[in-house]
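This briefing is meant for a reader who has not seen this structure before.

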Protein chains: 2
Amino acid sequence: MRTISATTLDDIALGAAVLGTGGGGDPYIGKLMSQSALRAHGDVTMLDAAELDDDDLVVPSAMMGAPTVMLEKIPRGSEIVSAFKALEAYLGRPIRATMSAEAGGLNSTTPFAVAAELGIPIIDADMMGRAYPELQMCVPALYGVTATPMAIADEKGNNAIINTVSNKWTETLARTLTIDMGCVAMIALYPMTGKQVKEYCCLGTISILEHIGVTIRAARAEHRDPVEAVREVTNGAIIWRGKVADVERRTETGFARGVASIAGTGEHAGETLRVDFQNEFLMARTDRRVLATTPDLITMLDAETGEPITTENLRYGFRVVVLAMPGDPRWRTPEGLAAVGPGYFGYDVEYIPVEDRLRGA
Amino acid sequence: MRTISATTLDDIALGAAVLGTGGGGDPYIGKLMSQSALRAHGDVTMLDAAELDDDDLVVPSAMMGAPTVMLEKIPRGSEIVSAFKALEAYLGRPIRATMSAEAGGLNSTTPFAVAAELGIPIIDADMMGRAYPELQMCVPALYGVTATPMAIADEKGNNAIINTVSNKWTETLARTLTIDMGCVAMIALYPMTGKQVKEYCCLGTISILEHIGVTIRAARAEHRDPVEAVREVTNGAIIWRGKVADVERRTETGFARGVASIAGTGEHAGETLRVDFQNEFLMARTDRRVLATTPDLITMLDAETGEPITTENLRYGFRVVVLAMPGDPRWRTPEGLAAVGPGYFGYDVEYIPVEDRLRGA
């Protein structure tokens, strides 16, 4: 158990931008929202999953919507309170703690706002070990945990509790409600017991985010290469260096989709890397070969500052380094790949672990 | 208190087609669905509103969706059971009875399926005194009763409880959920106390539907003019006789919209009546003048058999009689007209009570 203050959220948000793999919404927004809630309601207690009783009720919370819209319309966090209370009444017992749905993007920090608003602790864990665009893409779902009953709420005071026959149906219903609600909504989902959190979630990931953030800041302060520091602390590999030559993007059915083209420099001069994204970066390939795909993590850093770059902030001319990191081993199983592998996202590419792809190169 | 059997539903459904004013879905479907539920679970008890205790909890139920889709996909009624149970848990007390949301179209009979499935009585009343296309168009809403918390469910087993800041928001959220669910869903909404039912609902309307149905059947058996029998029993006026010359229709955002053109015969020869519909017939006018508009009822009967014709069954060449009837007085107030007057539906026409329009003619 420890106390998270507004300043610690700076480091967590910086780390969340790295594991956000370009998506999950700008962590800066989640940070502003949660820091504002902490100022209003006081610091938040963070528990290790091991500190939970097996029958404690834990309900992760998140913001749902298109990152490009979130830039314009920042939720307050308080919209979730009535929905959380309704869900608690519906489930018939008190919610012990909340949790991050994803360890990347703005949703690694938004639950701190929920925790502060509700006066409950947050668990040092998440359900993805990274960021993903759809709510059925959670490790607990591989073990049969369902997203529903879930609550969804907007800033006007509308909310709903959804109960579905599959997590894919939850995604469908929650997604259209989100669009109705103005393309951004707060959600509370995947009610779990303490035992399920300990067995099925990605543990300690909020502390890992903080560690990544601290490492980047320290490297900058000590004039060491921040990109190399990120690579080291994330156990990643640098797969490309270059300059953003083009970004095609479109917002479709609530998602930010597109392709970034990175003209290679140095050893990659003369070649172009195409990085496909659907909220997150999902596949990196040249004309000749695939370098990395989901569920492994692909992230883009500013070559000078080591600052992670989200897809919505990508601009022509940026000098970037592309980093790939191994995904959670549970995503690499047949069930995991069926849920978040390249095929699920419509890419006709076999999944090969990034370390094997790079060894073969 | 009396018992409604499957045969009584034949008469209720026939009357419901008259007050359905061409919309609300084909009552034949609601009848099949409720008769099948009655066969499986036994007859249903119908109570007068006066038999309710003031603090009884009553929750009307209905089918939501596009009538043109309902023809293809008939709900079973059982999809509502889990949603009703969830709503009961959410409200924290037992639901005493259900009720029809509208006294026209298939939703006058669908609640009998719900009552049979749940083993609860139905109240002899409805919330519109006719059929209307949107769920905020209920008389109790004029008195501040809210549609939420409401339940919505599909035949696959998905359901949701919705809580909104306004009935217009409920309509928006429930409508997109319905589209997601395959354009047809069962809903339970406007939880009311017995006192609210007695004060704000249209009372005795299910018995009126039965009376209309019995009257039409008797006229046919006795070789009297069934059209004249309907006119008499509904206190209506015949505003047009003619032949269907054209029907333009389109299904948009879950509604069946269009215009039927009726070439006049007899005293109307040489003129054409245009009847606009949005699920229901809402306005009847010639090139020269408006004959009737919502909230007054406009219905179309087969000239020979007196059989009411729904918009989806309208075909070129049908010989029809158009009947207009006064709407519930509460719809004729400024608040009522704001909710369901011609302006709400996008028609730039002042509301004048149909009896005044006809007197002026």
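The secondary structure of chain A comes to 12 helices and 19 strands, in a model that is predicted. Chain A has a radius of gyration of 19 Å, which agrees with the value near 21 Å that a compact globule of 361 residues would have. Chain A is also divided by its domain assignment into domain 1 (2-205) and domain 2 (227-360).

**Overall build of chain A**

- Taken along the principal axes, the box filled by the C-alpha atoms of chain A is roughly 60 × 45 × 35 Å.
- Of the 361 residues in chain A, 56% are buried.
- When contacts in chain A between residues at least 6 apart in sequence are considered, 74% of them join residues at least 24 apart.

**The two domains of chain A**

- Between the C-alpha centres of domain 1 and domain 2 of chain A there is a distance of 25 Å, and the contact between these domains involves 29 residues of domain 1 and 27 residues of domain 2.
- On the side of domain 1 of chain A that touches domain 2, at least two residues each are supplied by helix 1 (6-19), helix 3 (67-70), helix 6 (139-142) and helix 7 (167-180).
- Sorted by class, that side of domain 1 of chain A holds 16 nonpolar, 10 polar and 3 charged residues.

**Chain A and chain B**

- Chain A is superposed on chain B by a rotation of 180° with 0.1 Å of shift along its axis, at an RMSD of 0.0 Å, and the two copies are therefore related as by a two-fold rotation axis.
- The residue of chain A that comes closest to the rotation axis is Ile161(A), whose C-alpha lies at 2.5 Å.
- The same surface serves both copies, since 100% of the contact residues of chain A recur in chain B.
- In the contact between the copies, 19 residues come from chain A and 19 residues from chain B.
- Helix 4 (79-91), strand 9 (159-163) and helix 7 of chain A each supply at least two residues of the side that touches chain B, and helix 7 of chain A gives the most, with 6 residues.
- By class, the side of chain A that touches chain B consists of 10 nonpolar, 7 polar and 2 charged residues.

**Helix 2 of chain A**

- Helix 2 of chain A covers residues 27-41, and its 15 residues reach 21 Å from the first C-alpha to the last, close to the 21 Å expected at 1.5 Å a residue.
- The buried residues in helix 2 of chain A include Pro27(A), Ile29(A), Met33(A), Ala37(A) and Leu38(A), and Lys31(A) is also one of them.
- Just after helix 2 of chain A comes Gly42(A), which takes a positive phi of about 100°.

**Positive phi in residues other than glycine**

- Tyr190(A), a residue other than glycine, has a positive phi near 50°, and its place is in the loop between strand 10 (184-188) and strand 11 (192-193) of chain A.
- Tyr190(A) counts as buried because 30 other C-beta atoms lie within 10 Å.
- Asn279(A) is likewise not a glycine and has a positive phi of about 65°, in the loop between strand 15 (272-278) and strand 16 (280-285) of chain A.
- With 26 other C-beta atoms within 10 Å, Asn279(A) is buried.

**Cis peptide bonds**

- In chain A, Thr294(A) and Pro295(A) are joined by a cis peptide bond with omega of about 10°, and Pro295(A) sits in the loop between strand 17 (290-293) and strand 18 (297-302).
- In chain B, the peptide bond from Thr148(B) to Pro149(B) is cis with omega near 0°, and Pro149(B) belongs to the loop between helix 6 (139-142) and strand 8 (150-153) of that chain.

**A buried loop residue**

- Leu106(A) is found in the loop between strand 5 (98-99) and helix 5 (110-118) of chain A, and this residue is buried, having 31 other C-beta atoms within 10 Å.
- From Leu106(A) to Arg315(A) the separation is 209 residues in sequence and 20 Å in space, C-alpha to C-alpha.

How values were computed:
Residues numbered from 1 in each chain as written. Chains lettered and ligands numbered in written order. Predicted model: local features only at pLDDT ≥ 70, side-chain atom pairs only at ≥ 80, totals over all residues. Helix = DSSP H or I, 4+ residues; strand = E, 2+ residues; numbered from the N terminus. Expected span 1.5 Å × (residues − 1). Buried ≥ 20, exposed ≤ 12 C-beta atoms within 10 Å, placed from the backbone. Domains from an automatic or database assignment. Contact = placed C-beta atoms within 7 Å. Nonpolar A, V, L, I, M, F, W, Y, C, P; charged D, E, K, R; others polar. Least-squares fit on C-alpha atoms with pLDDT ≥ 70 in both. Rg over C-alpha atoms; globule rule 2.2 N^0.38 Å.
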